[in-house]
Amino acid sequence: MKKYLVCALAALTMTSMMVVGCGGGDKKAADKPAEKVLRVATEPSFAPFEFQKKGTNEITGFDIDLIKAVGTKAGYKVQIMNMGFDALIPALGTGNIDVAASGMTITDERKKAVSFTDPYYTSGLIVLVDKNNTTIKSIKDLEGKRIACQIGTTGEKKSRSVKGAKVTAFNTNVEATMELKNKGVDAVINDAPVVGYFLAQGGNEYAKTVGEVMEAEQYGFAVKKDSKLVGELNKAMAEVKKSGDYDKIYKTWFGEVKK
């Protein structure tokens, strides 16, 4: 009987230890904070700000490197997804994404629908024409002409302000420049740094810019209207700039340190 009691007590003790051990493990796992994910959407045809690496599905570019640095600094795991440019603001409104990082110009009209971070890049618009074109020297010469642009952009807004112009808005910047190459339009209006990168990557074989850079524009990351996330991202961006990481990212994509 004594032996039986000793064995039973030992078994009970082992069972208790196992329960305590398992309970401790569960508690430890439960105490671990859930990973915060920042869902970032972009339209990847706006090099060097966002584009797909050749032969892969990986999205890269200045905006992507910057939002990853800012998001990480704010304590998030950054998740990048591909989305049409004109779908970005609606997706923020429905909560399907947290941030739109896609070379988006801060405008009063857009601020009615979303909130923007502090500006992170100053750009402007430029006119792109066929390399052999000698009649178009500025936007003033585009009256009554055929203009290509990307849908939903400030380039489209500017194009539609040209008197008598026939404007075709494409889903991507690539399609707009291809239309110029195929002689389907007389000009393309787009952001100056994007056009500059396009020319440097081989576009200068058939195209050139004319006139001056128009209307300085500031880019910002967009979030849902009045979201507290904008404050988190602004704080993180200030830290990224202070650390020198912003200058490193800028130099990677534009070949110089931002003045």
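**Labels and the values behind them**

User: Let's start with Gln150. Where is Gln150 found?
Analyst: Gln150 is found in strand β9, which covers residues 146-150. Please keep in mind throughout that this is a predicted model.

User: Why is Gln150 called buried?
Analyst: The label buried requires a relative accessible area under 20%. Gln150 has 3%, so it is buried.

User: What makes the link between Gln150 and Glu43 a polar contact?
Analyst: The cut-off for a pair of N or O atoms is 3.5 Å. The side chains of Gln150 and Glu43 are joined at 2.7 Å, and the pair counts as a polar contact.

User: Which residues is Gln150 in contact with, leaving aside its neighbours within four places in sequence?
Analyst: Leaving those neighbours aside, the contacts of Gln150 include Glu43, Ser45, Phe46 and Phe85, and also Glu156, Phe170 and Asn173. Contact here takes heavy atoms within 4.5 Å.

User: How do you know that there is a cavity, and what is its volume?
Analyst: A search of the whole structure, counting cavities of 30 Å³ or more, finds one. The largest cavity has a volume of about 80 Å³, so it passes that 30 Å³ threshold. What makes the space a cavity is that a 1.4 Å probe fits there but cannot get out. Gln150 and Glu43 are both in its lining, as are Phe46, Phe85, Arg110 and Asp191, among others. By class, that lining has two nonpolar, six polar and three charged residues.

User: And why is the other kind of space called a pocket?
Analyst: A pocket is an open set of points, whereas a probe in a cavity cannot get out. The largest pocket has a volume of about 400 Å³. Its lining has 17 residues, and Ala47, Asn173, Val174, Phe198 and Gln201 lie nearest its centre.

User: Which element gives the most to the lining of the largest pocket?
Analyst: That is α6, with five residues. At least two residues each come from β2 (45-46), β3 (50-52), α6 (173-181) and α7 (192-200). The lining divides into ten nonpolar, six polar and one charged.

User: What is the volume of the second largest pocket, and what lines it?
Analyst: The second largest pocket has a volume of about 290 Å³. It is lined by 17 residues, with Ile89, Thr107, Glu109, Arg110 and Gly152 nearest its centre. Two or more lining residues come from each of α3 (88-94), α4 (108-111) and α5 (154-160). Its classes are seven nonpolar, four polar and six charged.

User: What makes a group of residues a nonpolar core?
Analyst: The members must be buried residues of the nonpolar kinds, joined through side-chain atoms within 4.5 Å. The largest such core has 31 residues, and those with the most contacts inside it are Leu38, Phe62, Leu66, Val99, Tyr120 and Phe221. β1 (37-42), α2 (62-73), α8 (229-243) and α9 (245-254) each supply at least two residues of this core, and α8 gives the most, with six. A second, separate core of 14 residues includes Val129, Ile136, Ile189 and Met214.

User: Which residues of α7 are buried, and what do they pack against?
Analyst: In α7, the buried residues are Pro193, Val194, Val195, Phe198 and Leu199. They pack against β2, β8 (121-130), α6, β11 (187-191), β12 and α9. After α7 comes Gly202, with a positive phi near 120°.

User: What makes their backbones worth a look?
Analyst: Most residues other than glycine have a negative phi. Glu215 has a positive phi of about 50°, and Asp226 has one of about 65°.

User: Lastly, how do you know that the peptide bond from Ala47 to Pro48 is cis?
Analyst: Its omega is near 5°, and the bond is cis. Pro48 lies in the loop between β2 and β3. Most peptide bonds are trans.

Methods
Residues numbered from 1 in each chain as written. Predicted model: local features only at pLDDT ≥ 70, side-chain atom pairs only at ≥ 80, totals over all residues. Heavy atoms only, no water. Helix = DSSP H or I, 4+ residues; strand = E, 2+ residues; numbered from the N terminus. Buried < 20%, exposed > 50% of the residue type's maximum accessible area, 1.4 Å probe, protein only. Polar contact = N/O pair within 3.5 Å; in protein donor to acceptor, adjacent residues only side chain to side chain. 1 Å grid on protein atoms, 1.4 Å probe; cavity = no way out; pocket = protein on both sides within 12 Å on 5 of 7 lines; lining within 4 Å. Nonpolar A, V, L, I, M, F, W, Y, C, P; charged D, E, K, R; others polar.
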